[in-house]
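Here's a quick tour of one model, with the sequence and the coordinates side by side. Keep both open as you read.

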Amino acid sequence: MNSKANNPLLKSWMPVSENSDFPIQNIPFGVYSDNKVAHHACTAIGEHIVDLYELSRNGYFDALNIPQEYFKSAVLNDLIAMGKTTTNHLRERISELLRDTNTELQNHKELHFLVFKKQSEVKMLLPVHVGDYTDFYSSIDHATNVGTMFRDPANALLPNWKHLPVGYHGRASSICVSGHSFHRPKGQTKPADAELPVFGPSKLLDIELETAFIIGKSTNMGESVSTEKADDYIFGMVLFNDWSARDIQTWEYVPLGPFLAKNFASTVSPWIVTLEALEPFRTKGYTQEPKVLPYLEYSGDRNLDINLEVYLQPEGGDENKIITSNYKYMYWTMEQQLAHHTVNGCNINVGDMMASGTISGPQPHEFGSLLELTWRGTKPIKLSDGTERKFVNDNDSIIIRGFCKNEKLRIGFGECRAKLLPAK
Ligand code: CA
């Protein structure tokens, strides 16, 4: 993919600090709101958002033929549905307008107060209407850790695991954008020493470090997407926290998988980083042995080098970094996940979200859940305030951050933050 907007030499006339998630090479898409604007599409540059509706209204996108109302919709689905030819042109055009050598917008100073707003002074909204949400289970270290803990270390992976990207259909209604809070879920659990189940607040509330990709092109029932064509159907990625109540999960999950243990809240970062912006960070995937079936084969470097970090912040306290991992530890690629998801003819829609599954690396500090980090609570984590955590406490905030970095370029995702409130 040859995108001018990815040129690492480009500089913006807008201020961008060295470690910003949002240099001119990123141009992610989101939706914001403030006291004057109900919802406008936006992108980010440095510490500012860029109001795309105002740019459209002032004629900057006239050559692109995108209906103006798409930029003031509450969600980006219609804009994304126009297709990659259009959205890539839009990304290139925004890049052009923000470039230091371009004066079209730079000199139009009377517009700047409408177009540029501090990210800290706006509220970011959930960027798409999510019709369907799927969660995979595609990190080999995570699946091995869980299999070792709950079943048999010698046969940690179930027989199907290396033959297909295991997944389940999740719940879209409780996907929330970064900055929200939610109550500790209540439910049915069965303590190990009890004969009968009990009801009450979950005692083992966990996080799952994940990313998700967002579908950018719909299919009809009966159609399948090949690994080769999959990128045409993937608009971009967000960070994803798949909150999980382990005690509810343990009791309910047989034989159909997670249900109430995972459908009470999921948190996503507000900026969709396009697949095109991530292209410079493609890296080699796992060697898949045994060989996969032909519909899951792919060629080239289809994994991604995305640094992932998780922080735990107690109420009023410091952020404690508890996980340092990387997306590249995924065994199955997004392209394989999508090919598998549609191989039976299952149709997909613009805005559908497909999450990676917990991403764990081989080292203990790379484990993507507290379940693994504390090894079922047997090795508590020490925080800077001297307290310990086995799982998430009431009023703790969890923050996921992610960024790609090479010698020339750093592209980030912003923040995926949520706070756990006491049970209602
Ligand atoms: Ca998950």
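## The largest pocket

Four elements, β6, α5, β7 (167-169) and α7 (246-252), each supply at least two residues of the lining of the largest pocket. Keep in mind that this is a predicted model. Which element gives the most to that lining? It's α5, with four residues.

The largest pocket comes out at about 770 Å³ in volume. There are 31 residues in its lining, and Y137, Q249, Y253, G257 and P258 are the closest to the pocket centre. Sorted by class, the lining has 16 nonpolar, eight polar and seven charged residues.

## Helix α5

Helix α5 covers residues 140-150 and is mostly covered, with eight of its eleven residues buried. The buried ones are I140, D141, H142, A143, N145, V146, G147 and M149. And what do the buried residues of α5 pack against? That would be α10 (370-373).

A reminder for looking down the axis: an α-helix has 3.6 residues a turn, so residues three or four places apart point the same way.

## The calcium site

Now for the metal. The calcium ion has four protein donors, D135 (OD), E208 (OE), E210 (OE) and D242 (OD), lying 2.2 to 2.3 Å from it. Along the chain, the donors follow the spacing D-x72-E-x1-E-x31-D. D135 sits in strand β6 (residues 133-136) and E210 in strand β13 (residues 209-215), so this pair ties together parts that are 75 residues apart in sequence.

The cut-off for buried is under 20%.

β1 runs antiparallel to strand β2 (residues 40-45), and three bridges join them. V31 has A41 as its bridge partner in β2, and the hairpin that joins β1 to β2 goes through six residues. β1 also pairs with strand β5 (residues 123-125), in the antiparallel sense and over three bridges. Which residue of β5 is the bridge partner of S33? Look for K123.

Conventions:
Residues numbered from 1 in each chain as written. Predicted model: local features only at pLDDT ≥ 70, side-chain atom pairs only at ≥ 80, totals over all residues. Heavy atoms only, no water. Buried < 20%, exposed > 50% of the residue type's maximum accessible area, 1.4 Å probe, protein only. Contact = heavy atoms within 4.5 Å. Donors = N, O, S within 2.8 Å, 3.2 Å for Na, K, Ca; no water. Pairing = 2+ DSSP bridges. 1 Å grid on protein atoms, 1.4 Å probe; cavity = no way out; pocket = protein on both sides within 12 Å on 5 of 7 lines; lining within 4 Å. Points joined across faces, edges and corners; volume = space filled by probe spheres on them. Nonpolar A, V, L, I, M, F, W, Y, C, P; charged D, E, K, R; others polar.
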